[in-house]
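This briefing covers a predicted model.

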Amino acid sequence: MRKLLSLLLLFGLWSCQGQQKKAAQPAEEEVAAVSYPVTKTDAEWRAELTDLEYYILRRAGTETPFSSELLEVKEAGTFVCAACQTPLFKSEHKFDSGTGWPSFDREIEGNVAYDVDYKIGYKRTEEHCATCGGHLGHVFDDGPRQTTGKRHCINGAALDFIPASE
């Protein structure tokens, strides 16, 4: 009987800790709106972006893995925000992560902003364009160890590619 009571007490304490962690996360309404240098109304973004770009950049969606034509881009150039053309990643920092999304080991410093999201039940570092706030993807600590160790896992539809020759 004592073992059962001890187990129930332990379980009760453990479940309360879980509730505490959830309560510590701010509700979406409580998060202060961030101001970006390029701001537009939702209607303006809808008019300027394709349906897929809008879904990803403005609604924090995710494209289907292995669907981006940018996965195969290997030439020299710069990947820019599809919404505002801010330079975000250089092709020399792109690598094949095998995940199905364009991956980079570093960003162009100052052009990518970071936030935390819990949308799939655990903490992830979300990446945004620092100029317009468009959702790009997430950054993880499982990138190439010989460089930064980071993997910026980016939706291809959030990017445009500008070849170095242009």
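Strands β6 and β7 form a hairpin with five residues between them, and glycine 133 in that turn has a positive phi of about 80°. The two strands run antiparallel and are joined by four bridges. On its other pairing, β6 is joined to β5 by six bridges, again antiparallel. The model is predicted, and the points below are read from it.

**Strands β5, β6 and β7**

- Strand β5 covers residues 112-117, β6 covers residues 124-129, and β7 covers residues 135-140.
- Glutamate 126 of β6 stands opposite aspartate 115, and glutamate 126 also stands opposite histidine 138 in β7.
- The hairpin of β5 and β6 has six residues between the strands, and glycine 121 in this hairpin takes a positive phi near 100°.
- Strand β6 is mostly covered, with five of its six residues buried.

**Histidine 128**

- Histidine 128 lies in β6 and counts as buried because its relative accessibility is 11%, below the 20% cut-off.
- Its side chain reaches the backbone oxygen of glycine 133 at 3.2 Å; glycine 133 is the residue with positive phi in the turn between β6 and β7.
- Beyond neighbours within four places in sequence, histidine 128 is in contact with Tyr36, Asn111, Val112, Ala113, Asp115, Gly133, Gly134, His135 and Leu136.
- Among these contacts is Asp115, the residue that stands opposite glutamate 126.

**Nonpolar core**

- The largest nonpolar core has 23 residues, and those with the most contacts inside it are Leu57, Phe79, Leu88, Phe89 and Leu159.
- At least two residues of this core come from each of α3 (51-59), β1 (77-81), β2 (87-90) and β9 (159-163).
- Helix α3 supplies the largest share of the core, three residues.
- Leaving aside neighbours within four places in sequence, leucine 88 is in contact with Phe79, Val80, Cys81, Glu107, Ile108, Asn111, Val112, Cys129, Leu136 and Leu159.
- Two of the core residues with the most contacts, Phe79 and Leu159, are included in that contact list of leucine 88.
- In soluble globular proteins, nonpolar side chains tend to be buried together.

**Positive phi outside glycine**

- Phenylalanine 66 has a positive phi of about 65° although it is not a glycine.
- Phenylalanine 66 is placed in the loop between α3 and β1. With a relative accessible area of 59%, over the 50% cut-off, phenylalanine 66 is therefore exposed.
- Glutamine 85, also not a glycine, has a positive phi near 70°.
- Glutamine 85 lies in the loop between β1 and β2. Its relative accessibility is 38%, so glutamine 85 counts as partly exposed.

**Cysteines**

- A search of the whole structure finds zero disulfides.
- Cysteine 81 has 0% relative accessibility and so counts as buried.
- Cysteine 153 counts as buried because its relative accessibility is 11%.
- Cysteine 81 is also one of the contacts of leucine 88.

Note on methods:
Residues are numbered from 1 along each chain as its sequence is written. Side-chain values use heavy atoms; hydrogens and water are left out. Buried means under 20% relative accessible area, exposed over 50%, partly exposed in between (1.4 Å probe, protein chains only). A polar contact is a pair of N or O atoms within 3.5 Å; within protein, one must be able to donate a hydrogen and the other to accept it, and residues adjacent in sequence count only if both atoms are side-chain atoms. Contact means heavy atoms within 4.5 Å. A nonpolar core is a set of buried Ala, Val, Leu, Ile, Met, Phe, Trp, Tyr and Cys residues joined through side-chain atoms within 4.5 Å. Two strands pair if DSSP finds at least two bridges between them. A disulfide is a pair of cysteine sulfur atoms within 2.5 Å.
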